Amino acid sequence: MKPFEIIHSYRQLPASCFEDCQPTQVRAPQYLAFNSALAAELNLPEAFWDTAEGLALFSGNQLPAWTVPLAQAYAGHQFANYVPRLGDGRALLLAEVRHQDGQLRDLQLKGAGRTPFSRGGDGRSPLGPVLREYLVSEAMHALGIPTTRALAAVSSGELVFRDETLPGAILTRVASSHIRIGTMQYAASQPDPLVIKQLADYVIQRHYPDCQQEANPYLALLCNVIERQAALIAHWMSVGFIHGVMNTDNMTLSGETIDYGPCAFMEAYNPAQVFSYIDQQGRYAYKNQPAVAQWNLARLAEALLALIHPEQEQAISLAVTELNRFPEIYQQHWLRRFAAKLGLSHAVANDKVLIDDFLALLAKNSADFTLAFCDLNTPNQPYLQQQLDAASWQSWLTQWQNRLQDEQQQFATNPSAIMAAANPVLIPRNHLIQQVIDEVSTTGDLRLFNQLHRLWQQPFTDTAENKPFQAAAAPQERVCQTFCGT
Ligand code: AMP
Ligand code: MG
């Protein structure tokens, strides 16, 4: 095994960026899950793998000397309202460790007790959201979507009090970093202008080192984050993922998906779909995700203004030029991803019409997003035949087949292989996650959790075992509303 390399680089930032804080012990921790594959990637010593020492670490009950926990400070726009001080209210950064890919990863406990940022909260997390984040973040990773990862989940043996009394749990999260747009907003709001400068330099060094060579490194930073976010949101859209709470404190600068609170995968295709109970206005609906990302990036640009140019007008003009590129960059990613879902690997601008027409058919007939795209790669498309009105389907089918033929003739492509790589057969359906949470909370039975976790690691493979989990929820199983993890 390679050496386990521990770093505490976040501590070198100005003191206002974080608060030292220890976890609060829990009564009777027990492992729910441990991700040995990820542990291996991090060179985590086996003494902490699914062992008593590991349990002490991942519950926060006894931290090894190589951890020096801190809670990160951040601000954020929550549903467009600015909150100047949010911060890690129930999370602690233990250390950064070197991944085998050479990059740093944060090790963070989530639900480890109160911190100086907890405000009225208890610093704890119920079991349900911990299981959801573990399953969905690992499934997203398997889908190839940049995301924070889950290293361990432990039950605390204690209860947490929400509207109801629930079992408590702690998640160990691994991220390229936990720096959010809100972290930059917080730094920019500090009286000392060095804080935002040092944080921006830190982000550049850690995530975008090439910016150091640019004439205007901070503008280049903005530009890079715009690129990553545009790619990320297009990827979400291509699998029907709805984040649910795209506040500026829930969007990372690394471009990883973070905070699986009220997130959900769309079933029946509906661009206006919202699951989150708190999102009454539909701000974070499926179709709004790209525009919201751009809005959030404008908040990042504001935080960076003073660094981009000493004269504000100049700075604004430079930043706005970059922000205005977002729709085009997003559109390119979207087109490439959705064209691949139709079996096309050389998308042209005109393919947008073909894609939009197909999506309109799905919307009109409430077809399941995942099943519909997979069905395109099934002989005679039985699901679509049955689900869509015959005339519109036939007319679209002809256009699609013509377009496929054109591309095949021109580039000798293999549409079936392109579709198979772009259309997961298996997504973490909301009712299955709910079933897992119900089972583990009531009986402690982890069999379904383990089975789904394993199956969701291979989302593009159609197998006899995963067949029953491919289906859409029956009407009585349907999850219509989701809630924040708090
Ligand atoms: P979230 O909705 O999970 O993104 O959290 C928004 C803010 O509320 C963050 O500052 C969290 O740290 C804080 N927060 C959420 N849940 C709790 C909790 N149970 N105790 C303390 N702070 C919390
Ligand atoms: Mg959050």
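Trainee: Which strand is joined to E3, and how do the two run?

Mentor: Bear in mind that this is a predicted model. In it, strand E3 (residues 30–34) is linked by 4 bridges to strand E10 (residues 149–161), and the two run antiparallel. For one pair you can find on screen, look at Tyr31, whose bridge partner in E10 is Val154.

Trainee: How many residues of E3 are buried?

Mentor: Here 4 of the 5 residues in E3 are buried, so the strand is mostly covered.

Trainee: Let's move to a loop. Where is His99, and is this residue buried or exposed?

Mentor: His99 sits in the loop that links strand E7 (91–98) to strand E8 (104–110). Buried means under 20% relative accessible area. His99 has 11% relative accessibility, so this histidine counts as buried.

Trainee: What does His99 touch, and what lies by its side chain?

Mentor: Leaving out residues up to four places away in sequence, His99 touches Glu41, Leu42 and Arg105.

Trainee: What should I know about phi when I look at Asn43?

Mentor: Start with the general idea: most residues other than glycine have a negative phi. Asn43 has a positive phi, near 55°. You will find Asn43 in the loop between helix H1 (36–41) and helix H2 (52–58). Asn43 counts as buried because its relative accessibility is 5%.

Trainee: And what is phi near in Asp259?

Mentor: Asp259 also has a positive phi, near 70°. This aspartate lies in the loop between strand E12 (241–242) and strand E13 (264–265). With a relative accessibility of 14%, Asp259 counts as buried.

Trainee: With which residue does Asp259 form a salt bridge?

Mentor: Its partner is Arg173, and the closest N and O atoms of the pair are 2.8 Å apart.

Trainee: Now the overall layout. Into which domains is the chain divided?

Mentor: Domain 1 covers 6–178, and domain 2 covers 180–425 + 470–486. The contact takes 47 residues from domain 1 and 42 residues from domain 2. Their C-alpha centres lie 26 Å apart.

Trainee: How much area do domain 1 and domain 2 bury between them?

Mentor: The general idea is that the size of an interface is often given as the accessible area lost when the parts come together. In this model, the two domains bury about 3,700 Å² between them, with 59% of it on carbon and sulfur atoms. Tyr74, His77 and Phe79 supply 18% of the area that domain 1 buries against domain 2, more than any other three residues.

Trainee: How many salt bridges and polar contacts are counted between the domains?

Mentor: Between domain 1 and domain 2 the count is 3 salt bridges. There are also 15 residue pairs in polar contact, both residues being at pLDDT 80 or more. The elements that give two or more residues to the domain 1 side are strand E5 (76–78), E8, strand E9 (125–126), helix H3 (127–142) and strand E11 (165–175). H3 gives the largest share of that side, 6 residues.

Trainee: One last stop: where is Pro126, and how far is its C-alpha atom from that of Pro167?

Mentor: Pro126 is in strand E9. Pro126 is buried, with a relative accessible area of 4%.

Terms used. Residues are numbered from 1 along each chain as its sequence is written. Chains are lettered from A and ligands numbered from 1 in the order in which they are written. Side-chain values use heavy atoms; hydrogens and water are left out. Buried means under 20% relative accessible area, exposed over 50%, partly exposed in between (1.4 Å probe, protein chains only). Two strands pair if DSSP finds at least two bridges between them. Contact means heavy atoms within 4.5 Å. Domain bounds come from an automatic or database domain assignment. Buried area is the accessible area (1.4 Å probe) that two parts lose on being put together, summed over both. A salt bridge is a side-chain nitrogen of Lys or Arg within 4 Å of a carboxyl oxygen of Asp or Glu. A polar contact is a pair of N or O atoms within 3.5 Å; within protein, one must be able to donate a hydrogen and the other to accept it, and residues adjacent in sequence count only if both atoms are side-chain atoms.
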